Structures are given as structure tokens and as C-alpha cells.
Amino acid sequence: MKFGKEFASQMVLEWQEAYMDYDYLKTLLKEIHRFKQRTRPPATPRGLKRTMTLYRAFSGLTQRHHQQPMSPSSPDIEDQVPILVTSVNQEGSQSYQTTFLMQADDGGEYELVFFRRLDDEFNKVDKFYKSKVEEVTKEAEMLNKQMDALIAFRIKVENPQGWSWEDRSGDMTRLASDVAASTAALAASTPSGARASRRVDHMEVIEEGPSIHEESDEDKENNDMKENVQVQKPEANNLKGRKPTPLQILNRVKMNTTLDTPRSTIKGFLNVPKQTGLKFNRENLKKVEDQLKRAFVEFYQKLRLVKSFSFLNTLAFSKIMKKYDKITSRNAAKPYMKMVDNSYLGSSEEVTKLMERVEATFIKHFANSNRSKGMNVLRPKARKQRHRITFSTGFFAGCTFALILALILIIRARNIMGQPGRIQYMETMFPLYSLYGFIVLHMVMYAVDVYFWRRYRVNYAFIFGFKQGRELGYREVLLVSFGLAVAALASVLSNLDMEMDPNTKDYKTFTEIIPLILVLLVFVILFLPFNILYRSSRFFFLTCLFHCICAPLYKVTLPDFFLADQLTSQVQAFRSLEFYVCYYGWGDFKQRRNSCKTNDVFNTFSFIIAVIPYWSRLLQCLRRLFEEKDPVQGHNGMKYFVTIAALCLRTAYSLNKGLAWEVLAVVFSVAAAIFGTYWDLVHDWGLLKRHSKNRWLRDKLLIPQKSVYFGAMVLNVVLRFAWLQTVFNFNLFDLHRQTLIAIVASLEIIRRGMWNFFRLENEHLNNVGKYRAFKSVPLPFNYDEDEDKDE
């Protein structure tokens, strides 16, 4: 793989604009190369070249006497330094400027443009790296204070009567001295260019804590180093003097409470005073440890990406300078890379030191000093692409298509569509089996989305908040969907009887309850607690589903409202589940009757079932409006309210008929479709921006073909109005009503699958624009001085 592709593949997706623009610098080098080829003198014949070589062997004095300028390809010119890199201060920040010393040479203006752009790229990278180091340094200070509180909390829980901390004053003195000694040693070994902006005192204290009974290897090294560093002893004493004892820290600490449970949400809505006092029990200790553990894992991941950012960019500058030297036959790479190595980007060691301290702290306090266990948590391994997944997916896909073909042939061979029992079959059995069709189609569309998200480098795992290495790829999703399709098709083939038993006047009981058995099997697998069949993904789905059901009692996150949007496209699937309860609960399956339509309870629940997904989404919008005070969420809630009204009116029209119901259904449905289409294109997809770089689209696009976006917009509008069939009852190809309902529902699922890709693309580009590559993790403790700062 060429370096350019490898460089792009290893970028932090949300920081793309902060990396060196390697491709553009390569285009500038190609322009220099083309100019060199155009101006290169024509090749001389071999005989003449021998004569010139013989002449040059005796012409050194003559050339030196006339002082003729040497060609750029001569060794003397190659040994000359063609650039001079200086450090300048611009607007209070340090930047670097390269002076090209050979502008008078042919093509010098091309090389001058190259170095100007190179300086711009390096200053951009160096500035961004400094800002990220400052961020992680501040976070390290916060985590250090959190660890102090955690250690004091542990002491209080393990011995509520209190410990005699004076016996451990020697340990505190040792720890403070170790911090100071490590700081001085690191400062002594730091280049002068990077030493000014170093904040080592914040980095070095993460590990320390009073619950450490044994010395680590780093502590012993620091003790040895302390003897050689005498300058920092007064500072160590000052540190000891101003740092309170651990149990005194608890007097300045309160528990952070967030509205993340129904109980806390209700209390917050009723303005009930929050219980911020510390309760010293093992349950609270476990919660605090879990929160800090997640915070450390997220912080360590950020450190890894910051370090990777520095390494990749340094390597990219080295590669581009080697290409420059190769094309121009100059020796500019060495002085330029010397500047890079001495700059903050190349010489800073804050991130490396922080990573070492985080590893030591995490292993001691959260992994019981088991390094392999701690590192497995900090650096989870990516899920391996196993060949059996690919084979199984292909196998089930082949079985699915084979069963579909077999079903078509059996229907044609038996002339099932011409038998009198087909109407009864379509009214009873078809709604039962259509449930699996809706689920499988939605999963296939999601697998297609995952494939294109990966292809166009949309960081969907970060957006959804999946655990690192635990997200499902498109192969795994297709495996589950095709497996379910095979089970559903097999049950359909086993239950194609159109005639009842003439003796019992009933259908075969076992074959009639096969759809119910399959539904129960799906629910059992979904709730299976064992670590098989993608347990983490199943539990993640169930958690988000529970949050949707309990809206607005839980804080709304992107996975929650994204799933709620998916459920709004599965209204017909929910109605099929309702029909399962009616059909099997009232015993209609024995005679294959459908008495549900004439039951008032069933018709009432038809309204409720259809409204539930939209109602959940409306409550989520109201929750976000209450928390964020964003009027956009209020407008979004109005969209779902109009959609609920349109859905209820269409359902009422399908049950009661009548001109009045039809007019109301059409008016509200048109309003809901127009409102929803506008929201899809403008807010969810971020398109239809008139003054953007890509007219009527948006400034940044991941798909290079603009026609894809225009086609998607047109298709979204067309599919949005597919509900017209349910109002006007278009009789297409003499299809059964249940077939038309299934087709309309399938078109809505396809529209939702298309919507998913562009919705996440827009979210990803927003993250890129804000350099947002990490989730904020709530911390368990809050210090009094932090509250004073906020005020």
C-alpha cells in the first residue's frame, strides 16, 4: 500500500482537516517534476558523452578559472543547504517559516510555492497538536483529583471508624518528592523549544494515591533519581504542605448527579433538592469505580489517538521531504526534519508520559495490579474477521434465495393462487409471516448502510457509542438477517395448506402455530443472557429500546432517538404483533378465521400501536427542548404531532370510510409528508443550502457524485407519499389489500434505510467540523472549587 493511502486510512476521522494535506503537497511536487522534465536538456549521443567525460577529466582548472556556474545536479550543489528554517512569533504563538535560498534557479518559483504550503501545513499541525496536549493535560489534572477522592472514599468504606493517617505521613512525603524529582528529571531532558509549554506537574501525579502499599518500578526509579535532583526539594515540601490529607478531601467533595434514571428525572422536574452528600457504602463505591474506569479508558484512548496524530504527521513530513529531495536532487530533508524533531510536535513527551502514568494507575487501582488484565481493558483488541462468518453468511443467503425460488415454484405447481382458500390465507397467515419480511428487509438495509458507512469512512461506531471492537459489521448483520429469513421461509413452506381437515373441520394445529413458535424463539434469542449470538449488541439494542419506551424519563442520546426513528418505519410490524396476540389468543388459528377486525378492542389498539413509535419520538423531542432550550426540538416535536394526527385519521378512515374522514386524512397526511420531507432534507441531511460550495447541497460531501444526492432527495419525496395508496385505494395489478399494505410498508423501510446513510453522514461531518472524536464521560465527584468556577 502506498503511504498516501495508508496515511489516510490511519487518520482520526474527525480530525481529518488537522492532518497534513499530503495529497496536495504531492501535486505540488508533481508540478515541479513536470517542469524539470520540460526544461531538462536533450540526451546527448553516447560517443559525444565519452568525449565530454574525457574532456572533463582534464578541465577542472579551466572551469575553476572561468568560475562557470555548476549545474544543479552536481555533487557540490547537492551538499549545499537550499533552505533556512527559522522560528517566528506571530500573534503570540510560535510558528516556523522556511526561506528558500535558490529562488533564482530554474523552477525556483514552483519550489517556493511548495515550501510556503509546507510551512502552512506544519504550523497547522503543530498548533492543533499543542491544543490537544493542553486538553489532555487539563483532563489529567481532573482525573488526578478524582483519584484522590476515590482513594479517600475507599478508605472510608473499608474502615468507617477512620484510619490513623499520621502513620502514613512518610509515604506522602515520599510520593510528593517522587513527583518533584520526576518533574525535574524530565525537564532536564526536554529540548528547550518544548520546555516552555510543558506542564509536567499535572501529568506526573495521576498515579499517586494513599491506598498504594507497595512501590512500583517507576517509584523506585524516581527514588533513585531524587538523590541526584536537589533543586526540587523545596517545591516538594510546598506540595506536601498545601495538599490536604485524603480524608479531608471528602469535606470538599460532592457526588455528581445526572438525570439518567426515571427517578432522578422526576425529582429534577419537580425541583426536589438533589442528594449530593456522600454515602459511604460498597454500592456507591462500585458505581464510582465503574465511572472512573470508563473515564480512564476513554482518556487513554484519546492519548493514543493524540500520539498517533503526532507520529503520522511527523512521518508524513519525512516522506514528503524525501520525495522533494529525489525530484530536485537537493538536500533539504535533513535541515527541515531537524526543525520538525526540535519542534513541539517532534520533541514533546507529555503524551507518552501521561500514557505511562495512566497505565500504572489503571493497573494498580482497577486491575488489582494485573498488567495483562488492565492492558486488555485499556487496549481492547479489534474483532477479527473470521472466515466462518463470511461462509455462514453466504450459505444462509444461498438458502434464502433457494427457498424463495422453491416457494414460487410450489405456488405455481399447485395453483395455490387459484384455490378458494387463498383469500382466507391472505387475511390470516400472510400478516403473520409479513412480520419477518419487514424485520429482514430492515436488517438488510442496515447492513447496506454499514457497508457504505465503512466505504466512505463514516465513524458510525463512535456516533452510536458502540464499545470499541464490538460493533457489528455488515457481514454479521447479513448473517443474522439471512438466518431469520431461512427460518421464516421454511415455516411458510411447511404451512401452505389451503384446505382444512374434512373430519375435524380444523387445520393442523402444529403447522398453524409454527409462526407463533418462531416469534417466541426470536424473543428468547433476543433476551438470552449468555455470551453468545452477539450479546453486547443485543443488550445495547434492548437498552436503547427500553429508553424509547420510557421516554422522556431517560436522557436522550443519539442511539435512542435514532432507534425511535427506525421504529416509526415499522408501524405495520407492530400491527402484525398485535394480530399475533388476537389471532392466537382468541383461538382463531384452529379454523383460520379473522374475527379481529370486528372487535372494538382490537381496533382501539390499532390506533395505540400505530402511535406508540411517534409518541415516543415526540416525548424525546420535548425532553431535549426542556433540557437544551433549543426551539428546533420544539419544531421537530410538532412534526411528530402532525404525523400522529395524520396516522390516526388514516386508520379511522380505513375502518369507518366516509368523505369527512377521507378529507381529514388527506389534509393532515399531506401536511405531515411536506413537513417530514423538509425536515429530512434540510435538518437531518443538511442539504438544500443555496449558497454552499455544492449548490443546493452542502459544503462537504463524502460521495463524489453529486447526482447521488439529488437522486436520493427525489426518491425520498416519492417514497414519503407512498401512503397515498392507503387513502385512495389504488388497485394496482389486482393485488390483495394485504399485499398492497406490505408493499407500502416495505417502501417506507427502504426509504428509512436510505435516510440512515445520509443522516449519519451529516452527523459525521458535524463531528469533523468540530473535531469531536470522543464522548464526554461523566465524573463521579465534584469539588467545591469547581462549582465556584462555574458560578
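Me: Hi! Is Cys399 buried, exposed or partly exposed?
Reply: Hello! This is a predicted model, and in this model Cys399 is partly exposed, with a relative accessible area of 23%.

Me: Thanks. How many disulfides are there?
Reply: The count comes to 1 disulfide. Cys582 is joined to Cys596, with 1.7 Å from S to S.

Me: Where do Cys582 and Cys596 sit in the chain?
Reply: Cys582 is in helix 27 (residues 571–585), while Cys596 is in the loop between helix 27 and helix 28 (600–628). They are 14 residues apart.

Me: And are Cys582 and Cys596 buried or exposed?
Reply: Cys582 is buried, at 4% relative accessible area, and Cys596 is buried too, at 0%.

Me: New topic: how many salt bridges does the structure hold?
Reply: There are 25 salt bridges.

Me: Which residues does Glu121 pair with?
Reply: Glu121 forms a salt bridge with Arg117, at 2.9 Å between the closest N and O atoms, and another with Lys124, also at 2.9 Å. Glu121 and Arg117 both lie in helix 6 (residues 108–158), 4 residues apart.

Me: Is Glu121 buried or exposed?
Reply: Glu121 counts as buried, at 5% relative accessibility, whereas Arg117 is partly exposed at 25% and Lys124 is partly exposed at 29%.

Terms used. Residues are numbered from 1 along each chain as its sequence is written. This is a predicted model: local features need pLDDT of at least 70, side-chain atom pairs count only at pLDDT 80 or more; totals for chains, interfaces and linings use all residues. Side-chain values use heavy atoms; hydrogens and water are left out. A disulfide is a pair of cysteine sulfur atoms within 2.5 Å. Helices (H or I, at least four residues) and strands (E, at least two) are DSSP runs, numbered from the N terminus. Buried means under 20% relative accessible area, exposed over 50%, partly exposed in between (1.4 Å probe, protein chains only). A salt bridge is a side-chain nitrogen of Lys or Arg within 4 Å of a carboxyl oxygen of Asp or Glu.
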